[in-house]
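The sequence and the structure are shown first.

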Amino acid sequence: MANVAGTTRSKKSKPIFKWLSFVRGGRIPAFLLLLAALFLQIYDPPFLTSFRDRIFDVYQQSRPREAQYPRPVVVVDIDENSLLNLGQWPWPRTYLAKLVRNLTEKGAIVIGFDMLFAESDRLSPNQMSQNIEGLPPEVKEQLSALPSFDAVFADAIEQSRVVLGISVSPESEGANNLGLSRIPSFALLGQDPKKYLKNYPALIGNIDELDEAAAGRGMISLDQDFDGIVRRIPLANRIGGQIIPSLALDMLRVATGRNVIIQTNENGILGFKVAGTLVPTDTRGRIWVKYANYDPSLYISALDVINGNVDERVLAGKLVLVGTSAAGLKDLRASPLTSNLPGVEMHLQLLENIWTQTYLFRPEFIAIFEWLGTLMTGLTLILLVPLAGARTTLGLLIFISVTAISSSIYFFVYNSVLIDVSYTLAVSLIVYITMVYSNYRGTEQERTRIRTAFAHYLSPELVKRLSASPDSLVLGGEEREMTFMFCDVREFTVISEGYKHDPQGLTHLINRFLTPMTDEILSHNGTIDKYMGDSIMAFWNAPLENAQHPKDAADAALQMIVRLAALNAALETEAKLQNRRFKALRVGIGLNTGVCIVGNLGSEQRFDYSVLGDPVNLASRLEGQTKEYGFSIILGESTAQAIPDYAMIELDLIAVKGKEEAVKIYGLLGNETHAKNPEFIAAKEVVEGFLSLYLSQRWDEALKKLDIVEERNRRLLKFANLYRARIRGFKLNPPPQDWDGVYRATEK
């Protein structure tokens with residue numbers, strides 16, 4: 001029975017083991033990431049659309065549309081030269097009437113105005129008679145009898161085939177809806193297209209006198225993306241139940257004399273039929289414009305047309321657009337190829353696309369193929385990366401990328417079809433990186449276990465360094481300027497006596513003291529060299545370089561005093577609750593900066609990452625002097641020079657025990673902010689005055705100054721008592737004639 005049970009458990013465990021083996025190697029996070037990417041591709045947020053459009057821009061920039069000659073469209077340009085010679089815009093409409101007549105005589109098929117005439121001509125004689133004050137009545141009567149410029153312009157329009165520009169408005173306020181009822185209807189083939197067209201609340205049209213004379217009217221409004229580039233132009237929009245054609249579409253209707261047919265199916269609009277030829281669009285009736293390079297030779301100055309200086313061959317049989325390139329009229333747009341183009345250029349490009357049947361295509365089903373491509377590529381990588389390894393699958397990823405990019409370029413160049421493979425490739429790369437990282441992380445976790453074990457015995461920074469560079473596991477060191485700290489608890493023996501029956505409590509106390517002290521050292525980029533009971537030795541600027549090591553060491557020391565005060569407050573509260581005597585922890589901290597040897601020091605059998613040099617010893621001696629001068633933090637001269645803006649007071653010129661060379665030492669009281677405190681500044685000035693008297697051996701004056709020192713800052717009491725005793729000794733036994741002010745310490 002036991003054998004049977006064991007066999008059964010074995011059979012059950014095999015599928016579980018296989019499943020666990022399959023999902024390892026990062027397959028689960030990679031699959032979740034792929035799933036999220038697929039949902040994002042379906043949702044298609046604006047930032048993805050924008051990125052895709054930029055990719056399509058690159059396609060067009062690399063291979064613009066090749067213009068077919070002769071070009072079917074020309075532009076009559078109200079340019080800077082025309083404005084300079086004929087005056088500022090708007091011109092009297094008699095100028096435009098002359099322009100239309102000359103274009104018609106030269107053989108223009110259709111004339112389309114990329115502008116609005118929503119108001120009567122204020123320069124017309126009848127308007128001027130009303131607007132100019134002080135005119136004699138007979139002059140007003142003569143002006144009013146003259147034909148209006150609008151009538152002259154309307155007559156020229158009526159004698160030609162002119163399509164006036166109209167504009168759909170996103171707001172009803174300010175719109176006039178002029179000419180809305182005169183827009184010709186479309187023939188429909190299939191379902192009602194209105195629900196697929198963008199709806200606007202109102203229209204800005206032209207005055208009735210001009211609109212009634214026109215052969216057509218079309219939208220000059222252009223849809224631009226958030227980056228200001230015009231990529232897609234709607235061939236029609238709607239206002240309520242009325243379909244509004246674009247300027248280009250209505251110009252073609254007038255040119256061919258045939259009604260436009262809108263062809264739809266259950267998914268949306270298929271396109272617009274003009275003279276029996278289908279102009280394909282997306283489901284919302286928009287056409288992707290395939291841009292040719294901007295050609296200024298297609299632009300004819302309006303001045304030349306009005307003056308009759310244009311060769312008939314330039315205009316005969318052409319679709320003519322009237323627009324402006326003058327910067328002051330602010331009709332400038334951007335295409336995927338060029339920024340700051342005249343807005344009329346977009347209508348020119350659209351007309352040429354339709355006339356020559358050279359379009360860009362992006363059928364709706366392309367998005368489905370792109371989604372399937374993302375799915376299949378992602379799943380392939382998820383399956384193969386753990387099995388075949390990173391190198392093999394990297395080759396597969398490169399092959400897929402090259403194939404996808406080449407295919408998309410081929411379809412663009414030879415079929416004008418827009419296919420976006422960038423999203424698929426980006427997701428595939430992320431999936432690949434995720435799985436490679438997961439495999440790497442598994443290997444790294446094994447190394448981490450080893451590092452963690454050794455970190456209990458070696459410095460964590462050293463462990464990291466050794467892990468990154470095993471070659472450094474050799475004896476030796478390097479010279480480097482560093483800052484050193486020694487920190488020791490004052491009167492720790494007395495404190496220990498209170499725990500003679502509670503060694504665990506003493507251990508707990510030491511740990512509570514060392515933890516915040518260590519936190520501050522490490523958070524200020526320091527390295528702990530060693531703990532010596534209640535003492536800490538630390539250094540800065542090794543093993544990692546730190547250009548501001550004196551400042552970081554000083555900041556750490558100041559914060560250690562703050563953290564110690566908080567610890568003492570907590571210990572005092574605990575002592576009161578436990579009804580036992582409280583003894584505050586006090587520390588002395590010595591800081592010194594200098595050049596020493598740092599590296600792996602020790603024997604061939606065992607070595608440690610440590611420091612060696614005279615500046616280290618001096619830091620230790622400075623820590624010992626804190627109890628003599630009554631300062632918690634004492635700096636060596638080199639450290640003090642590196643942080644001149646900190647709040648510190650010069651204490652003495654001292655030769656510490658074991659050294660002949662004297663150094664200036666300073667008491668550190670605070671950072672740059674504390675250095676601006678008026679009380680500190682006053683105390684510092686008094687101490688400096690005292691030291692000047694002391695070094696001049698003016699003992700009586702120096703003693704009086706010490707009284708002021710005590711009054712200014714009670715924290716300087718021990719400092720004052722130290723110097724009082726020293727001065728009294730000098731008064732009994734004066735120093736030698738060559739006394740240099742150096743005090744030679746007799747204690748560490």
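Two residues are taken to be in contact when heavy atoms of theirs lie within 4.5 Å. On that basis leucine 321 touches Val73, Val74, Val75, Val76, Gly112, Leu247, Met251, Val344, His347, Leu348 and Leu351, leaving out residues up to four places away in sequence. The model is predicted, and the points below are grouped by topic.

**Nonpolar cores**

- The largest nonpolar core has 41 residues, and the members that touch the most others are Phe272 and Leu321.
- Two or more residues of this core come from each of strand E1 (73–78), helix H10 (247–256), strand E11 (268–274), strand E15 (319–324) and helix H13 (344–356).
- Another core, of 38 residues, lies apart from the largest one and includes Met485, Phe492, Ile495 and Trp540.
- In soluble globular proteins, nonpolar side chains tend to be buried together.

**Largest pocket**

- The volume of the largest pocket is about 970 Å³.
- Its lining consists of 38 residues, and Asp44, Thr49, Arg52, Arg232 and Arg286 lie nearest the centre.
- Helix H2 (27–43), helix H3 (46–62), strand E7 (232–234), strand E13 (286–288), helix H14 (365–388) and helix H16 (422–455) are the elements that give two or more residues to this lining.
- H3 provides the largest share of the lining, with seven residues.
- By residue class, the lining of the largest pocket holds 15 nonpolar, eight polar and 15 charged residues.

**Second largest pocket**

- The second largest pocket has a volume of about 500 Å³.
- This pocket is lined by 24 residues, of which Trp89, Asp114, Met115, Leu116 and Phe117 are the closest to its centre.
- The lining of the second largest pocket comprises twelve nonpolar, five polar and seven charged residues.

**Histidine 524**

- Histidine 524 is placed in the loop between helix H19 (503–523) and strand E19 (527–532).
- The relative accessibility of histidine 524 is 17%, and this residue counts as buried because the limit is under 20%.
- Beyond its neighbours within four places in sequence, histidine 524 contacts Trp540, Asp552, Asp555, Ala556 and Gln559; Trp540 is also among the members of the core of 38 residues.

**Aromatic pairs**

- There are 25 aromatic pairs in the structure.
- Tyrosine 694 and phenylalanine 730 are buried.
- Both residues belong to a cluster linked by ring pairs, made up of Phe690, Tyr694, Trp699, Phe719, Tyr723, Phe730 and Trp739.

How values were computed. Residues are numbered from 1 along each chain as its sequence is written. This is a predicted model: local features need pLDDT of at least 70, side-chain atom pairs count only at pLDDT 80 or more; totals for chains, interfaces and linings use all residues. Side-chain values use heavy atoms; hydrogens and water are left out. On a 1 Å grid over the protein atoms alone, a cavity is a set of points where a 1.4 Å probe fits but cannot get out, and a pocket is an open set with protein on both sides within 12 Å along at least five of seven lines; lining residues have an atom within 4 Å of a point. Grid points are joined across faces, edges and corners, and a volume is the space filled by probe spheres set on the points. Helices (H or I, at least four residues) and strands (E, at least two) are DSSP runs, numbered from the N terminus. Ala, Val, Leu, Ile, Met, Phe, Trp, Tyr, Cys and Pro count as nonpolar, Asp, Glu, Lys and Arg as charged, and the others, Gly among them, as polar. Buried means under 20% relative accessible area, exposed over 50%, partly exposed in between (1.4 Å probe, protein chains only). A nonpolar core is a set of buried Ala, Val, Leu, Ile, Met, Phe, Trp, Tyr and Cys residues joined through side-chain atoms within 4.5 Å. Rings of Phe, Tyr and Trp (its six-membered ring) pair if their centres lie within 6.5 Å; planes under 30 degrees apart count as stacked, over 60 as edge-to-face and the rest as tilted.
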